[in-house]
Amino acid sequence: MSNTEQFSIKPIVATSSLRTLAYEALKQAITNMDLYGRPDEVRLDERKLSQDLGVSRTPVREALTVLEQEGFVRSEARRGIFVIKKTKAEIVGMIHAWAALESMAARLACSRASDAQLKSLRDEFPEFYEGRPSEHIDEYSDANIRFHQKIISLGQCEVIAGLSSNLLMHVRGIRNTALRQGERAEKSIREHVAIIKALEARETGRAEQLVRDHGLGLAQHVDTYGHYLD
């Protein structure tokens, strides 16, 4: 494996099919990468992956085939397998889709989430209330992703959760990169605090609109500053 210092996977324990376990481990590792914060391509070495996972190359090869079908990796003859990076236009489209899904999840959360779940948001995300995010950008970046995943979860809709899961890798990477550009982090944190307030008050329309606008703002930011993606 070359240029994969950020690609980290753990050995798997055979409690179900090895292909399924290899697939889940590889997908999780790809999702956790800062894919858009690096200029180089990420090439995956099948032999090294099998060693890292502690399995033969067959389930790894099968898992990579599934990931290729899902659009996470691509195979190039005589070059190997690479993690796919989307173009700027593709990413903007994916953010639009995410914004639609997450805003509906926020709307559903206002009626489906318990009082305790909504009131716990402030405690779950203290990073939003602790000074300037630029002073602890790594911690804030992690909290940022967890927050958007939390909104999806609070909506309690399996279809939305399923549709959004495969968008996460690319939306996550772009969110983390965008937070380090200009005043995006400060703007993001203000919007998060407003979203939490609307969810706590069960202001359905406002929560939905704030989440949608937040996502569309990210799309506009990427469209304006994402020249490095083309």
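Guide: A definition first: two strands pair if DSSP finds at least two bridges between them. Bear in mind that this model is predicted.

Visitor: Over how many bridges do β2 and β3 pair?
Guide: Strand β3 covers residues 80-83. The pairing with β2 runs in the antiparallel sense. Two bridges would be enough to count as a pair. Here the number of bridges is four.

Visitor: What order do the three strands of the open sheet have?
Guide: The edge strands are β1 (43-44) and β2 (73-76). Each of these pairs on one side only. The pairing in the sheet is antiparallel. The order is β1-β3-β2.

Visitor: At about what angle to β2 does helix α3 run?
Guide: Helix α3 consists of residues 57-69. This helix lies across β1, β2 and β3. Its angle to β2 is about 110 degrees.

Visitor: Where is arginine 78, the residue with a positive phi, found?
Guide: Most residues other than glycine have a negative phi. Arginine 78 is not a glycine, yet its phi is about 65 degrees. Its place is the loop between β2 and β3.

Visitor: Is arginine 78 buried or exposed?
Guide: The cut-off for exposed is over 50% relative accessible area. Arginine 78 has 85%, so this residue counts as exposed.

Visitor: What phi does arginine 202 have, although it is not a glycine?
Guide: Arginine 202 sits in the loop between α10 (184-200) and α11 (204-225). With a relative accessible area of 27%, arginine 202 is partly exposed. Its phi is positive, at about 55 degrees.

Visitor: How are the aromatic rings of phenylalanine 125 and phenylalanine 147 paired?
Guide: The count of aromatic pairs comes to three. In this one, the rings lie 5.3 Å centre to centre. Planes over 60 degrees apart meet the cut-off. The angle here is 80 degrees, and the pair is edge-to-face.

Visitor: How many residues apart in sequence are the parts tied together by phenylalanine 125 and phenylalanine 147?
Guide: Phenylalanine 125 lies in the loop between α6 (121-124) and α7 (137-154). Phenylalanine 147 belongs to helix α7. The pair therefore ties together parts whose separation in sequence is 22 residues.

Visitor: What is the angle of the planes for phenylalanine 128 and phenylalanine 147?
Guide: Phenylalanine 147 counts as buried at 0% relative accessibility. The ring centres of this pair are 5.2 Å apart. The pair is edge-to-face because its planes stand at 90 degrees.

Visitor: Which residues do the ring pairs link into a cluster?
Guide: Phenylalanine 125 is buried, at 1% relative accessible area. Phenylalanine 128 is buried too, at 5%. The cluster joined by ring pairs consists of Phe125, Phe128 and Phe147.

Visitor: How is α2 placed relative to α3: roughly perpendicular or roughly parallel?
Guide: The axes of helix α2 (residues 46-53) and α3 come within 9 Å. They cross at roughly 115 degrees. That makes the two helices roughly perpendicular.

Visitor: Is the crossing of α2 and α3 left-handed or right-handed?
Guide: Glu46, Arg47, Leu49, Ser50 and Leu53 supply the α2 side of the contact. On the α3 side are Arg57, Val60, Arg61 and Leu64. The crossing is right-handed.

Visitor: Are α4 and α8 roughly parallel or roughly antiparallel to each other?
Guide: Helix α4 (residues 88-112) packs with helix α8 (residues 158-165), their axes 10 Å apart. The angle is about 155 degrees, and the cut-off is over 145. The two helices are therefore roughly antiparallel.

Visitor: Which residues does methionine 169 touch, not counting residues up to four places away in sequence?
Guide: Methionine 169 is in helix α9 (residues 168-178). At 1% relative accessibility, methionine 169 is buried. With residues up to four places away left out, its contacts are Ile30, Thr31, Leu35, Phe72 and Ile84.

Methods
Residues are numbered from 1 along each chain as its sequence is written. This is a predicted model: local features need pLDDT of at least 70, side-chain atom pairs count only at pLDDT 80 or more; totals for chains, interfaces and linings use all residues. Side-chain values use heavy atoms; hydrogens and water are left out. Contact means heavy atoms within 4.5 Å. Axes are lines fitted to C-alpha atoms, for helices over the stretch in contact, and angles run from 0 to 180 degrees between N-to-C directions. Buried means under 20% relative accessible area, exposed over 50%, partly exposed in between (1.4 Å probe, protein chains only). Rings of Phe, Tyr and Trp (its six-membered ring) pair if their centres lie within 6.5 Å; planes under 30 degrees apart count as stacked, over 60 as edge-to-face and the rest as tilted. Angles under 35 degrees count as roughly parallel, over 145 as roughly antiparallel, 65 to 115 as roughly perpendicular and the rest as oblique. A crossing is left-handed if the near helix is turned anticlockwise from the far one by less than a right angle, and right-handed if clockwise.
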